[in-house]
Amino acid sequence: MTDPAAPLLRLDGVRKDFGKTRVLRGVTLDVAERTVVSVIGASGSGKSTLLRCINLLEPVTDGQIFLDGEDISDPRVNADAVRRKIGIVFQSFNLFPHMSVLANVTLALRRVSRLPKGEAEERGTALLRRIGLESKAKAYPDRLSGGQQQRVAIVRAIASDPKLLLLDEITSALDPRLVGEVLDLVRELRGADTTIIMATHEMPFARDVSDSIVFLSDGVIEEQGPPEQIFGEPRSEKTRGFLAGF
Amino acid sequence: MSRDAARLSATETERRAYRKKQSVRSVFVSCASLAAFSFAVYITLSRSEGWTRVRNTFFDPHYFADSLPSVFHGLLTNLRVLFFAVLGVAALGTLIAVTRTTVSPVLFPLRALATVYTDIFRGMPMIIVLYLIGFGIPGLRIFGRIDATLLGTIAVILVYSAYVAEVIRAGIEAVHPSQRAAARSLGLTHSQTVRIIVLPQAVRKVVPALMNDFVAMQKDVGLVSVLGAIDAVRSAQIAVAKSYNFTPYVAAGLMFILMSLPFIHLTDWYAARLKRREQAGGAV
Ligand SMILES: Nc1ncnc2c1ncn2[C@@H]1O[C@H](COP(=O)(O)OP(=O)(O)O)[C@@H](O)[C@H]1O
Ligand SMILES: [Mg+2]
């Protein structure tokens, strides 16, 4: 916590089994503050599981996860407090259908940070303005396009300024013509110094915005490096094989 | 409207005329069949041997008017029972439903208790529950004298909570787990997630079934009369005992129907709205 060079997030030998299925078999990774890390890998390679473990939505089978130097995989830590510091955006948006767009965005501010309603709505409205959806504040999520819903989900996740933002294939469920607007927003967040870990299949985008690429295969990190190296001269045969499919 | 009509093609004008002709015909057919049915009922009744006697014992205007004030006064008791029972059922039913949908192993004993509860109270006839509560609790001699209306209300709450809990449980299970994940990832606690995210969506999904249970409850509150509470049914019974004429029962029955009508129509209206919304969603 005191060492400025210490990574924001450190995974140390993280394992995750679902019954007999061994999904993560020892993932070790450092993520420095204000960097963007893209996790790539075949479908079913464990990208979502990794992000869900970081966010404590799934307990790890073994290994440790440190956020800001604190071991958050320890059962004694307050998981709710940890999740407040980590935002996540899902492939399927998961907006709350019974709440207006603004209520979705301000929920954590109102119920977790306990800001007064007026202040929360002011911040929520500012966030919606930023993504050009201020006019939809009172609308319900089912009135929005997929791209609009996903952008709302992103600002909902960053509303209470998390230290770390996890993006789980956030464009995979979108109509191709709606992908651009969502990726533009992520690019903007990168400029705003947010630390991001994203699972993605958008290779050109990953190459463009990431500081580091992690290739996940068979539950372990097969190869990791800067985008130019991973995409330009992958060292592993498996990485080469995977990237050849794009 | 007329300007739009002016722009209609000949084909559409012809189609509209056809549809109109069809619907006029349908209205005529249904009116005719209703008239025929009423006539048949009238003939059957008036020609049956005992009709005069039945009419005099069940539909006597004099006894009807006579019993009306006391039956209506009794209905106020039913309304009071209904009011408190709805509150009790909402609270207890939700609590049981939430308990049954927990997954934590440490809560297993509570889950088992909730399951046993719903099994018992859905299986037992309402009247037996009423007897057990109405005569069993006073028999314990812990609380002193308890008002029959209160005991009846408790019995109604116990039985209907079991039904409502099962309906709400179905609603909770229909809320996708990703909604919980999204809520928890924002830092909401487990109980906040249940209250703010899961229950509101669950209840919306089962509103028609809940309304149905409410309508059933509306008439079952008449059963508190078996414990001696002076409600509409009991008042009618007293009037019948005095006159040996059954018209007061018909009066009480009519009042229960009148009491339920607004709500039944609200239910229909809501179901229609839901259907419209779903169809609108499907068209997008
Ligand atoms: N809750 C779960 N229960 C059992 N198996 C799971 C669960 N979640 C994920 N898995 C399995 O873990 C593997 C990795 O899944 P996932 O992390 O979703 O991969 P990815 O996101 O890379 O496509 C898959 O084989 C999947 O079937
Ligand atoms: Mg995935």
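**Stop 1: ligand 1**

Select A:Thr49 and ligand 1 together. A polar side-chain atom of A:Thr49 sits 2.5 Å from an oxygen atom of the ligand. Keep in mind that this is a predicted model.

One of its backbone N or O atoms is 3.0 Å from an oxygen atom of ligand 1. How much of ligand 1 does the protein bury? Taken alone, the ligand exposes 560 Å², and the protein buries 59% of that.

Pick A:Phe18, A:Val23, A:Ala42, A:Ser43, A:Gly44, A:Ser45, A:Gly46, A:Lys47, A:Ser48 and A:Thr49. Colour them by class.

**Stop 2**

Show its contacts. Beyond its neighbours up to four places away in sequence, A:Val60 touches A:Val14, A:Arg15, A:Lys16, A:Cys53, A:Ile65 and A:Ser73.

Draw a distance line from A:Val60 to A:Glu237. Their C-alpha atoms are 29 Å apart, and 177 residues separate them along the chain. Follow that line to the next stop.

**Stop 3: helix H9**

Select residues 237–244 of chain A, which form helix H9.

Which residues of H9 are buried? They are A:Thr239, A:Phe242 and A:Leu243. Turn the view to look down the axis of H9(A). The buried residues fall within an arc of 95 degrees, so they line one face of the helix. An α-helix has 3.6 residues a turn, so residues three or four places apart point the same way.

Now check the face turned away from the buried side. It carries the exposed residues A:Glu237 and A:Ala244.

What do the buried residues of H9(A) pack against? Select strand S3 (36–40), helix H7 (203–209), strand S9 (212–217), strand S10 (220–225) and helix H8 (227–232) of chain A.

**Stop 4: A:Gln148**

Select A:Gln148, in helix H5 of chain A, residues 146–158. Is this residue buried or exposed? A:Gln148 counts as buried, because its relative accessibility is 18% and the cut-off for buried is under 20%.

Look at its side chain. It reaches the backbone nitrogen of A:Ser145 at 3.0 Å. Leaving out residues up to four places away in sequence, A:Gln148 touches A:Leu133, A:Lys136 and A:Glu181.

**Stop 5: over to chain B**

Select B:Asn78. Its place is in helix H4 of chain B, residues 61–100. B:Asn78 is buried, with a relative accessible area of 0%. What surrounds it? Setting aside residues up to four places away in sequence, B:Asn78 touches B:Val221, B:Gly222, B:Val224, B:Asp231, B:Ala232 and B:Phe256.

Finish at B:Leu110, in helix H5 of chain B, residues 108–123. B:Leu110 counts as partly exposed, at 47% relative accessibility.

How values were computed: Residues are numbered from 1 along each chain as its sequence is written. Chains are lettered from A and ligands numbered from 1 in the order in which they are written. This is a predicted model: local features need pLDDT of at least 70, side-chain atom pairs count only at pLDDT 80 or more; totals for chains, interfaces and linings use all residues. Side-chain values use heavy atoms; hydrogens and water are left out. A residue is near a molecule or strand if one of its heavy atoms lies within 4 Å of it. A polar contact is a pair of N or O atoms within 3.5 Å; within protein, one must be able to donate a hydrogen and the other to accept it, and residues adjacent in sequence count only if both atoms are side-chain atoms. Accessible areas come from the Shrake-Rupley method with a 1.4 Å probe; for residues, only the protein chains shown count as cover. Buried means under 20% relative accessible area, exposed over 50%, partly exposed in between (1.4 Å probe, protein chains only). Helices (H or I, at least four residues) and strands (E, at least two) are DSSP runs, numbered from the N terminus. The arc is that of the directions from the helix axis to the C-beta atoms. Contact means heavy atoms within 4.5 Å.
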